[in-house]
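User: Please take a close look at the charged side-chain pairs in this one. Which side chains pair up, and how exposed are they?

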Amino acid sequence: MNEARKMNHQEVVEEDRRKKLPENWEQKRKRVEWDESQEKKRKECEEKGEDFDRVKLLDLGADEAEKWERKKKKNNPDPGFSDYATATYRQYQRNTKSLKPDLENYQRLKEKLGDEVYATTSTLSTVQHKDNPEAVDKMVTDLEKQIAKREKFSRRRTTDEEADIDFINERNAKFNKKLERFYGTYTAEIKQNLERGTAV
């Protein structure tokens, strides 16, 4: 009886301890243990002079490798907008991936024009080379696709009905907002004078 009470008390204490721990404590503990085991394996490999990544892949089963590959493919590498330079670079990379060069036409052009295919400082104009109509059409369709894609991302912003109308079209309204954002503090007095009619 006494032994049962002791065991029961121990269980209650253990349960209370588990309840006081954070919710994801078990996962964290497993993660820490896994990290420690990986670090231990890494040190062992360094001592033996082996490549840790290679040894780790040897332990990986074929089904796990497939699952890992699928997961890797599923991950979206697109981090979103960070700045204009990276956005431009990403668009350039995307455009060049989709670009299929016409090598036969290029070779024909190279044979026909020789070194004049490549522009130099002495190249006067682009009249020497006439673009293929199919290539122009391809470029136009590509640009139209880009415009259509861009339009999907832009959303119509609600306009303030009571605000003063100081624009002639949408583009001008955007420009005026930009001007106001950058120079509004400097031009506030001039604007008020113009509205009152007391401008010098």
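Analyst: Let's start with Glu180, which at 41% relative accessibility counts as partly exposed (buried is under 20% relative accessible area, exposed over 50%, partly exposed in between; 1.4 Å probe, protein chains only). Keep in mind that this is a predicted model, where local features need pLDDT of at least 70, side-chain atom pairs need 80 or more, and totals use all residues. Numbering runs from 1 along each chain, and side-chain values use heavy atoms, without hydrogens or water.

The partner of Glu180 is Lys191: their side chains form a salt bridge at 3.3 Å, N to O (Lys or Arg side-chain nitrogen within 4 Å of an Asp or Glu carboxyl oxygen). Lys191 comes out as partly exposed too, with 39% relative accessibility. As a rule, side chains of opposite charge can pair when their charged atoms come close.

Glu33 and Arg29 meet at 2.6 Å, N to O. Both belong to helix H2 and sit 4 residues apart, about one turn of the helix (helices are DSSP runs of H or I, at least four residues; strands are E, at least two; numbered from the N terminus). Glu33 is partly exposed at 41% relative accessible area, and Arg29 is partly exposed at 29%.

Arg31 and Asp35 make a salt bridge as well, at 3.7 Å, N to O. They are also in helix H2, again 4 residues apart and about one turn of the helix from each other. Here Arg31 counts as exposed, because its relative accessible area is 51%, while Asp35 is partly exposed at 35%.

For contrast, look at Asn176 in helix H8. Asn176 counts as buried because its relative accessibility is 18%. Leaving aside residues up to four places away in sequence, Asn176 touches Asp166 and Phe167 (contact: heavy atoms within 4.5 Å). Across the protein, 4% of the 200 residues count as buried.

As for the overall layout, there are 8 helices and 0 strands. Among contacts with a separation of 6 or more, 19% come from residues 24 or more positions apart.
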